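Subject: Structure handover

Hello,

Here is the structure I promised to pass on. Please open it next to this email, and then read my notes below.

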Amino acid sequence: MNRRLALGPLSRASVGAVAGALLGGWLGLHHGAAFVVPDPLDPTRWSVLVPGLDENVVSQRGRGTQVVGGAIVLTPHVFHRSDVVLPRDARPIAALSVELAPDSGQLDVRLRSPGKIVEVQIRPDAWRSVPGAWTPHDGPVDVRIADGEARIGGVRAGLSGPASVELVAARERVRIRGVTLVDEAGEAFLVEDPGAAWEGRAPVGWGVILGALAGAGLAAAGGMGGLLVLAFPVAVALTPPGTWLALVERLYLVRTTPWALAQVVLAVAFVPMLVRLLARSGLAVPAERDHERDPRVLFAWVGVAALAAAFAGRVAGGPGWMFAPIGLGLLLAPLAFARAARVDAMGVLVRDVPAALAVGMFGWGVGLLGVAAWRMGLLVAGAGVLLRRAPRVAADAVFLLALALVPAAELAARSTWLDTAWDAARLDGDQSWTSPAPFWDGECGPAPRATVTFAGGSSTGGAYQFHDDPAAFYPSRVHARLCAEGRGIRTTNHGYGGRDSFTVSRSLPTILAAHRPAVVVAYLGVNDLLTQESPLTRAQREAIEAGRSAATRGLAAIGARSRLLTGVALLARPPLDPDAAVVSDVPLADAEANLRRMAAGTLAAGTWLVLLPEYTDPETRGRVSAYANMEARLAAELPGIVFLDTFAALAPFVPEGLLVDRNHLSRTGSERLGEVLAPILVGLLDAGPPPRAVSSASP
């Protein structure tokens with residue numbers, strides 16, 4: 001006779017715990033790098049040059065250079081910046097060996113000798129000496145230097161002497177498994193093995209603990225549903241680290257690290273499992289009780305709600321004490337539900353403690369989202385029992401909580417830094433269109449004060465390089481020089497990241513009406529030509545928007561006010577296809593039309609317009625030189641326009657480090673631009689309003 005082996009609940013839980021621990025440990029070992037705070041590269045062995053670091057750059061946590069997952073990870077920064085990694089030991093190298101991980105992006109290796117730079121680009125399966133052709137390879141790439149020549153796989157690349165080495169990830173995320181540097185005496189003076197450093201860092205222990213708990217709980221609950229809910233945390237654990245960084249950038253989570261996002265999502269992935277365990281255990285619903293009104297129960301509920309409200313009012317940010325009456329009502333709502341559903345009110349209160357803790361710890365904004373989510377989980381877990389006891393009450397409660405989740409999520413977003421990160425107007429860079437309020441302004445000297453207004457993108461104002469010092473941008477440096485001459489001046493800086501000639505030309509009438517400036521300075525070019533994110537130009541998108549009905553535009557405006565919908569839209573937008581045809585946001589012809597529009601407006605207002613092409617590094621300069629030529633032509637053709645060739649004006653100061661990256665001015669750059677621009681503005685202020693019939697020449 002066949003006998004089926006039957007396991008009791010304890011035995012099933014034990015088997016599940018062992019199986020879950022094995023699975024969790026394996027996931028932690030092989031896929032745990034995404035959840036671990038990375039280590040910095042050893043500062044005694046490597047020097048990491050971060051462009052703009054001395055310019056008060058906000059720390060790009062999760063980007064830059066770090067060691068995690070058995071590899072040195074180099075990730076490009078925003079604004080086309082990238083760390084430059086070079087050995088502390090500056091002795092010339094005779095050989096170099098680099099091995100990339102299979103999932104690595106392209107690494108640029110720069111070999112510097114006096115008067116010569118050789119760049120070797122390495123991918124996991126190919127390499128090339130720029131600008132040569134790609135050569136397939138497998139394993140480490142070896143570079144040998146001798147007699148003034150670099151040899152990579154037999155290919156020669158000329159040098160002019162002993163070489164130093166720099167490692168750069170200029171385009172995509174790079175993972176380096178190993179680096180070896182050999183000096184001219186044949187000694188390996190730097191050997192980097194990040195895999196050895198990773199040993200013991202993988203979160204195997206956490207994987208075992210979480211896996212054991214999940215396995216024990218699911219084995220006790222049993223069923224195919226257990227395997228389905230287990231799939232959520234497993235899928236999160238298998239997500240590559242680069243995906244978390246992509247999500248951080250895609251959702252503009254500027255204060256969230258990739259590993260923190262991964263940890264939060266992993267925690268959320270366990271929620272369906274918790275709900276299932278509550279449902280199978282029967283703990284989600286308290287005992288049935290047709291009780292009388294007990295004042296002690298009411299006193300307990302009010303006490304817990306009042307205590308949570310007291311702590312919620314102390315949490316900074318979000319709705320404060322004014323929201324307390326509504327919040328208290330929401331906290332006390334389950335008391336009425338308990339009586340209507342004929343269940344033990346004290347039992348409901350015990351199960352509702354996590355909701356009260358959420359309010360007390362996180363405040364009314366985020367806390368109420370926790371309240372709605374926790375109660376919804378309890379209702380779903382206890383749905384079978386509640387629908388039998390009080391179907392109408394249970395259905396109403398689920399419906400109301402489902403409705404409450406959306407406004408609670410919106411309130412939570414507005415109570416955190418997401419209120420700024422998911423501000424649709426800020427993301428579009430259009431907030432200056434509707435308000436003439438400047439990014440920075442200043443006044444000095446006797447009245448009446450002449451106003452000078454600056455407009456432009458991130459080098460003019462509001463960008464990363466001087467995030468805590470708005471007076472470091474070049475408009476304030478000009479202002480300081482004019483003030484030093486004893487002039488009565490008011491300066492308004494309307495610069496902001498992403499602004500271009502399209503947005504400036506559309507907002508300029510409002511700015512002119514509000515400030516009546518004597519001079520408008522426009523520092524433009526890079527955002528016009530080099531921002532390429534759509535197959536349509538800004539002007540074409542404006543025409544499409546103008547063709548929409550008033551109702552459609554109204555609904556879009558309402559949706560843009562929602563932080564939650566903005567976040568969903570950011571997540572749902574289609575990924576950029578690197579092979580898709582895109583155009584400049586503002587092509588040269590459109591830029592000229594925008595500048596002519598600005599010139600007509602300033603001339604009608606009796607205001608001088610000073611055009612400055614954005615100063616860039618030599619590599620980028622060739623791409624924007626046509627913009628400078630166009631501005632010079634307009635200044636020669638139209639009255640009231642003055643052109644300053646920034647490239648020629650700043651040429652004497654090139655060795656001083658005018659940029660922090662490809663196009664953002666450093667403190668020195670802002671100071672020098674202020675130095676060359678101030679005398680021109682003095683001449684324009686002394687000249688009075690511009691002539692209306694003849695072209696102006698630079699003073």
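Which residues in α21 meet which residues in α22? From α21 come G559, A560 and R561. From α22 come R563, L565 and T566. Bear in mind that this is a predicted model.

**The helix pair**

Helix α21 covers residues 550-561, and helix α22 covers residues 563-572. Their axes lie 5 Å apart. The packing angle is about 95 degrees. Angles of 65 to 115 degrees count as roughly perpendicular, and therefore α21 and α22 are roughly perpendicular to each other. The residues of this contact split into two nonpolar, two polar and two charged.

**The cavity**

How many cavities of 30 Å³ or more does a search of the whole structure find? The search finds one. The largest cavity holds about 50 Å³ of space.

The residues that line the largest cavity are W301, V304, A305, L331, L349, D352, A356 and R375. Two elements each give two or more residues to this lining: α8 (295-312) and α11 (353-381). Which of the elements gives the largest share of the lining? That is α8, with three residues.

What is the lining of the largest cavity by class? Six residues are nonpolar and two are charged. No polar residue takes part in the lining.

**In short**

There are two places to look at.

Best wishes

Technical notes:
Residues numbered from 1 in each chain as written. Predicted model: local features only at pLDDT ≥ 70, side-chain atom pairs only at ≥ 80, totals over all residues. Heavy atoms only, no water. Axes fitted to C-alpha atoms, helices over the stretch in contact; angles between N-to-C directions. Helix = DSSP H or I, 4+ residues; strand = E, 2+ residues; numbered from the N terminus. Parallel < 35°, antiparallel > 145°, perpendicular 65-115°, else oblique. Contact = heavy atoms within 4.5 Å. Nonpolar A, V, L, I, M, F, W, Y, C, P; charged D, E, K, R; others polar. 1 Å grid on protein atoms, 1.4 Å probe; cavity = no way out; pocket = protein on both sides within 12 Å on 5 of 7 lines; lining within 4 Å. Points joined across faces, edges and corners; volume = space filled by probe spheres on them.
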